[in-house]
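Please keep the sequence and the structure in view while reading.

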Amino acid sequence: MRKLVIFDLDGTLLNTIADLAQSTNHALTALGYPTHKEEEYNFMVGNGINKLFERALPEGEKTKENVLRVRKEFVPYYDQHNADKSRPYPGITELLDELQAKGLQVAVASNKYQAATEKLIAHYFPNIRFTAVFGQREGVNVKPDPTVVYDILKIAQISKKDVLYVGDSGVDMQTAIHAEVTSCGVTWGFRPRAELETFHPNYIINKAEEVLEIVFR
């Protein structure tokens, strides 16, 4: 039986794409840049917000300076609107409740900046006692670097063999591979199943409750 389940946030626990798209488009508009359709953001997110902004900027404008300009407009707006349309995916709240009731540790490893990660987790899952909630932190490499997983393992005092890592993207599958933990891709998130299959995860699931079958197998 697994003892710790580490979840990605965006596209895994929460469908946040509408609020991310709205806030990025707000920042782009404020700076006079063209905006994008909501569904286009599915393929821009996943590597942290600076990479999101770089992908959203027009060709020829993808400079470090412009990324920081977009970030300056994005962060205060997103901090106010990051829970406007975001919602847990079906079965996620029940899954977390069940894992906690069964005595398993749960944690979050996200590439969303730390303050927003903490705020969303506290807002949507106030009754879950997460072992760790880590977003993008200053001085720590973003996923697929495995540092965030190692930091969680230290806090949980759990060995790699007792961990299940759950995410919706190739970045998540790479993170699990680099950390040498069991990987589980979910098909309800932002990325297509084909992207997950490219990295040959240990499991691919279609419903949240399937995590329980893996954990207690």
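A residue counts as buried when its relative accessible area is under 20%, as exposed when that area is over 50%, and as partly exposed in between. The model to which these words are applied here is a predicted one.

The side chains of Glu 197 and Arg 193 themselves meet in a salt bridge, with 3.0 Å from N to O. An α-helix has 3.6 residues a turn, so residues three or four places apart point the same way. Glu 197 and Arg 193 are four residues apart in helix α8, which spans residues 193-198, and are therefore separated by about one helical turn.

Other charged pairs link parts of the chain that are separated in sequence. Side chains of opposite charge can pair when their charged atoms come close. The count of salt bridges in the model comes to eleven. In one of them, the side chains of Lys 143 and Asp 8 meet at 3.0 Å, N to O. Lys 143 belongs to the loop between β5 and α6, whereas Asp 8 belongs to the loop between β1 and β2 (14-15), so this pair ties together parts that lie 135 residues apart in sequence. Both Lys 143 and Asp 8 are buried.

A further salt bridge joins the side chains of Lys 160 and Glu 180, at 2.9 Å from N to O. Because Lys 160 lies in the loop between α6 and β6 and Glu 180 in the loop between α7 and β7 (182-186), the pair ties together parts that are 20 residues apart in sequence. Lys 160 has a relative accessible area of 29% and is therefore partly exposed. Glu 180, at 56% relative accessibility, counts as exposed.

Attention may now turn to helix α6, which comprises residues 147-156. Which of its residues are buried? They are Val 148, Val 149, Asp 151, Ile 152, Leu 153 and Ala 156. The elements that cover these buried residues include the strands β1 (4-7), β4 (105-113), β5 (132-136) and β6 (163-167), together with α7 (170-179). Just after α6, Gln 157 takes a positive phi of about 55 degrees.

Two individual residues give a further view of the interior. Thr 16 is found in the loop between β2 and α1. Its relative accessible area is 0%, and Thr 16 is therefore buried. Leaving aside residues up to four places away in sequence, Thr 16 touches Asp 10, Tyr 78, Ser 86, Leu 120 and Phe 190. Val 186, for its part, is placed in strand β7. Val 186 also has a relative accessible area of 0%, so it is buried. With the same exclusion of residues up to four places away in sequence, Val 186 touches Gly 11, Thr 12, Val 166, Gly 167, Asp 168, Leu 196 and Ile 205. Val 186 and Thr 12 are 174 residues apart in sequence, yet their C-alpha atoms are 7.0 Å apart in space.

The last topic is the packing of helices. Two packed helices are described by the angle between their axes and the distance between the axes. Helix α1 (residues 17-30) packs with helix α3 (residues 64-81) at an angle of about 140 degrees, and their axes are 8 Å apart. That angle makes α1 oblique to α3. The crossing of these two helices, α1 and α3, is right-handed. Among the residues that make the contact are Leu 20, Ala 27 and Leu 28 of α1 and Val 70, Phe 74 and Tyr 77 of α3. By class, the contact of α1 with α3 has eight nonpolar, five polar and two charged residues.

Helix α2 (residues 49-56) also packs with α3, at an angle of about 115 degrees and with the axes 9 Å apart. The angle makes α2 roughly perpendicular to α3. The crossing of α2 and α3 is right-handed. Ile 49, Asn 50, Phe 53 and Glu 54 of α2 make this contact with Val 67, Val 70, Arg 71, Phe 74 and Val 75 of α3. By class, six nonpolar, one polar and two charged residues take part in the contact of α2 with α3.

Definitions and conventions. Residues are numbered from 1 along each chain as its sequence is written. This is a predicted model: local features need pLDDT of at least 70, side-chain atom pairs count only at pLDDT 80 or more; totals for chains, interfaces and linings use all residues. Side-chain values use heavy atoms; hydrogens and water are left out. Axes are lines fitted to C-alpha atoms, for helices over the stretch in contact, and angles run from 0 to 180 degrees between N-to-C directions. Angles under 35 degrees count as roughly parallel, over 145 as roughly antiparallel, 65 to 115 as roughly perpendicular and the rest as oblique. A crossing is left-handed if the near helix is turned anticlockwise from the far one by less than a right angle, and right-handed if clockwise. Contact means heavy atoms within 4.5 Å. Ala, Val, Leu, Ile, Met, Phe, Trp, Tyr, Cys and Pro count as nonpolar, Asp, Glu, Lys and Arg as charged, and the others, Gly among them, as polar. Buried means under 20% relative accessible area, exposed over 50%, partly exposed in between (1.4 Å probe, protein chains only). A salt bridge is a side-chain nitrogen of Lys or Arg within 4 Å of a carboxyl oxygen of Asp or Glu.
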